[in-house]
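Keep the model open beside it and find each residue as you go.

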Amino acid sequence: ADIESVLMMGLAALMAVLLHKRFVSARRSADTRAASERAQGEARFRSLVQNSKDVILICDLETTIQYQTPSAETVLGFGNDALVGKQVTELAHPNDSRRLFAFCREIATRPRGGRTIEWRMLHRDGFWMHIESAASNLTEDPNVRGLVLTLRDVSAQKSLEQQLKHQ
C-alpha cells in the first residue's frame, strides 16, 4: 500500500506540474494575443486619424492647442504640430473669435458635454475657410485631458448655399 500511495502522490504531483505548465502556456498565449489585438487596434486607430478629412485638435481650457492630427496639414496647411501652442481663437476670423472663445468656455463647463459651432478659420495660405466644429469636454479623461474640437471644412457647402441664395 505504501508503494501505491507514493505512486499516487507522484502521479498527482506530475499532473499538477503538467496542469501548471499548461496554464502558464495558455496565459502567455492569451497575453500575446491580447497584446497583438491591442497593437492592431492602435494601428487601425492611427491609420483612421491620419487619413481623416476631419482635423482633431485638443485644447486646454484657455483654448491653447495641445495636439493636432496629421490631417491638419492637408486640410488647413499646418503640418508638423505647427498649431501646437497657438490659441485656436487666434486662427478664427476677427468677427468669429469672441463667439468661438465663448463657445469653448461653455464646453469647458460641461464635462463630457458637446456642441457644434460654425466659424471661419484662417488657412495657412491666407484664405478663410468655413469650419464646422464639434466640441466635447474630455478634461476628466486621463488619456485626453482637454477640450476636443473636430473640425470639418464646409467651405464648399457654404459656397453652394450662397449660390442658391442668389438664384
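Is Glu106 buried, partly exposed or exposed? Glu106 is partly exposed, because its relative accessible area is 29%. Buried means under 20% relative accessible area, exposed means over 50%, and partly exposed lies in between (1.4 Å probe, protein chains only).

Two notes on the source come before the points. This is a predicted model, in which local features need pLDDT of at least 70, side-chain atom pairs count only at pLDDT 80 or more, and totals for chains, interfaces and linings use all residues. Residues are numbered from 1 along each chain as its sequence is written, and side-chain values use heavy atoms, with hydrogens and water left out.

1. **Salt bridges.** The structure holds 9 salt bridges. The term means a side-chain nitrogen of Lys or Arg within 4 Å of a carboxyl oxygen of Asp or Glu. Side chains of opposite charge can pair when their charged atoms come close. Glu106 is one partner in such a pair: its side chain meets that of Arg110, at 3.0 Å from N to O. Arg110 is partly exposed, with 34% relative accessibility. Asp96, Arg99 and Arg120 are linked in a network of salt bridges.

2. **Lys158 and its partners.** Look at Lys158 next. Lys158 forms a salt bridge with Glu118, and their closest N and O atoms are 2.6 Å apart. This pair links distant parts of the chain: Glu118 sits in strand E3 (residues 114-122), Lys158 in helix H4 (residues 155-165), and they are 40 residues apart. Helices (H or I, at least four residues) and strands (E, at least two) are DSSP runs, numbered from the N terminus. Lys158 also meets Glu161 in a salt bridge, at 3.8 Å from N to O. Glu161 and Lys158 are 3 residues apart in helix H4, so about one helical turn separates them. Lys158 is partly exposed at 23% relative accessibility. Glu118 is partly exposed at 35%, and Glu161 is partly exposed at 43%.

3. **The nonpolar core.** Which residues touch the most other members of the largest nonpolar core? They are Leu57, Leu76, Val88, Trp119 and Leu151, in a core of 26 residues. Strand E1 (55-59), H2, H3, E3, E4 and E5 each supply at least two residues of this core. The largest share, 5 residues, comes from H3. A nonpolar core is a set of buried Ala, Val, Leu, Ile, Met, Phe, Trp, Tyr and Cys residues joined through side-chain atoms within 4.5 Å. In soluble globular proteins, nonpolar side chains tend to be buried together.

4. **Strand pairing.** E1 and E5 pair in the antiparallel sense over 5 bridges. Two strands pair if DSSP finds at least two bridges between them. Leu57 has Leu149 as its bridge partner in E5. Not counting residues up to four places away in sequence, Leu57 touches several others, including Ile65, Tyr67, Leu83, Val88 and Leu151. Contact means heavy atoms within 4.5 Å. E4 and E5 also run antiparallel, joined by 8 bridges. There, Ser133 has Leu151 as its bridge partner in E5.

5. **Glu132.** Glu132 lies in strand E4. Glu132 is partly exposed, at 30% relative accessibility. Leaving aside neighbours within four places in sequence, its contacts include Ile117, Glu118, Thr150 and Leu151. His20 makes a contrast: Glu132 and His20 are 112 residues apart in sequence and 58 Å apart in space, C-alpha to C-alpha.

6. **A surface patch.** Met8, Leu11, Leu14, Met15 and Leu18 form a nonpolar patch on the surface, with about 510 Å² of accessible area together. Such areas come from the Shrake-Rupley method with a 1.4 Å probe; for residues, only the protein chains shown count as cover. Patches are made of residues with over 30% relative accessible area and no salt bridge; like charges are joined within 9 Å, nonpolar side chains (Val, Leu, Ile, Met, Phe, Trp, Tyr) within 5 Å. Leu14 is in helix H1 (residues 2-50). Leu14 is partly exposed, with a relative accessible area of 47%.

7. **Positive phi.** Most residues other than glycine have a negative phi. Check Asp81, whose phi is near 60 degrees, a positive value. Asp81 is in the loop between helix H2 (71-76) and helix H3 (97-108). Arg145 also has a positive phi, near 55 degrees. Arg145 is in the loop between strand E4 (128-138) and strand E5 (146-153). Arg145 is exposed, with a relative accessible area of 58%, whereas Asp81 is partly exposed at 47%.
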